[in-house]
Amino acid sequence: MKQILIIEDDPEIIRLLEIHLTDLIYSTSKATDGETGLHMALENDYDLILLDLTLPIMDGVEVCKKLRSKKNTPVIMLTAKSEEIDRVLGLEIGADDYITKPFSIRELLARIKAVMRRASSKTEEQKNSTVLAYEGLHIDIDKRKVILDQKRIELSPKEFELLVLMASNPGRNYSRTELLNMIWGYNFEGYEHTVNSHINRLRAKIESDMAHPTYILTTWGVGYKFNEDIAV
């Protein structure tokens with residue numbers, strides 16, 4: 001049975017949604033403020049979340065942002081402010097769809113089915129994506145996404161390319177000149193310290209102890225390598 005979380009502070013809307021969703025053999029849970037709703041969304045695995053834009057304690061925009069940094073549960077936002085939600089979606093906070101109040105139940109149910117269909121299709125595509133997995137570190141090459149201890153890490157394009165190159169070939173030693181040529185290109189008018197500074201910034205983002213790195217190791221007299229002893 002599909003599980004849907006309703007995060008909404010209007011009891012009449014909650015009651016209406018629960019009646020119609022239960023009729024369609026969905027199981028529903030509810031939260032009446034953003035903070036509680038976010039906690040429930042992070043602690044449980046729902047197939048879809050209906051998220052009101054205007055909520056007590058934490059609004060729907062903030063809930064969606066925080067949720068998206070942790071999970072990819074499909075979200076349909078409920079709002080009485082169509083022009084505002086358009087701007088929100090333009091900022092790519094991560095909502096999959098939105099519907100404006102007052103809404104037709106038939107239209108909402110159609111949106112729910114469509115979003116769930118897309119999510120199911122996306123899950124199948126993700127199974128075929130190229131992912132490098134090490135202890136605590138997951139690198140989705142196709143999506144250019146890095147997850148460290150279940151938290152997304154934002155890397156610059158060059159930092160990401162350095163990480164993917166070395167993580168794809170754990171144990172291989174790369175000289176600074178090699179990395180300079182392979183990442184920046186032979187025509188790049190830079191110096192080897194460019195590689196050092198990028199490695200340092202990358203380490204600052206993924207290593208818990210810069211003095212004793214887990215992932216990117218220094219090979220003295222040569223350059224750097226990705227630790228081959230931490231494969232999952």
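Two strands are said to pair if DSSP finds at least two bridges between them. Helices (H or I, at least four residues) and strands (E, at least two) are DSSP runs, numbered from the N terminus. The model is predicted: local features need pLDDT of at least 70, side-chain atom pairs count only at pLDDT 80 or more, and totals for chains, interfaces and linings use all residues. Residues are numbered from 1 along each chain as its sequence is written, and side-chain values use heavy atoms, with hydrogens and water left out.

**View 1. The open sheet 6-7-8-9.** Four strands make up this open, antiparallel sheet, in the order 6-7-8-9. Strand 6 (131–134) and strand 9 (151–153) are the edges; each has a single partner strand, so one side of each lacks a neighbour in the sheet. Direction ignored, neighbouring strands are turned by 20° against each other on average; axes here are lines fitted to C-alpha atoms, for helices over the stretch in contact, and angles run from 0 to 180 degrees between N-to-C directions.

**View 2. Strands 7 and 8 with helix 6.** Strand 7 (residues 137–140) and strand 8 (residues 145–148) run antiparallel and are joined by four bridges. L137 stands opposite L148 of strand 8. Helix 6 (residues 157–167) lies across strand 6, strand 7 and strand 8, at about 105° to strand 7; contact means heavy atoms within 4.5 Å.

**View 3. The buried side of helix 2.** In helix 2 (residues 34–43), the buried residues include G34, G37, L38, M40 and A41, where buried means under 20% relative accessible area (1.4 Å probe, protein chains only). These residues lie on the same side of helix 2 because they cover an arc of only 165° around the axis, the arc being that of the directions from the helix axis to the C-beta atoms. Their cover includes strand 1 (3–7), strand 2 (27–31), strand 3 (48–52) and helix 3 (60–68).

**View 4. The start of helix 2.** Here a side-chain oxygen of D33 comes to within 3.1 Å of the backbone nitrogen of E35.

**View 5. The buried side of helix 7.** L179, L180, I183 and W184 are the buried residues of helix 7 (residues 176–184). They cover an arc of only 100° around the axis, which puts them on the same side of helix 7. An α-helix has 3.6 residues a turn, so residues three or four places apart point the same way. The buried residues of helix 7 pack against helix 6, strand 10 (174–175), helix 8 (192–206) and strand 12 (223–226).

Conventions
Buried means under 20% relative accessible area, exposed over 50%, partly exposed in between (1.4 Å probe, protein chains only). A polar contact is a pair of N or O atoms within 3.5 Å; within protein, one must be able to donate a hydrogen and the other to accept it, and residues adjacent in sequence count only if both atoms are side-chain atoms.
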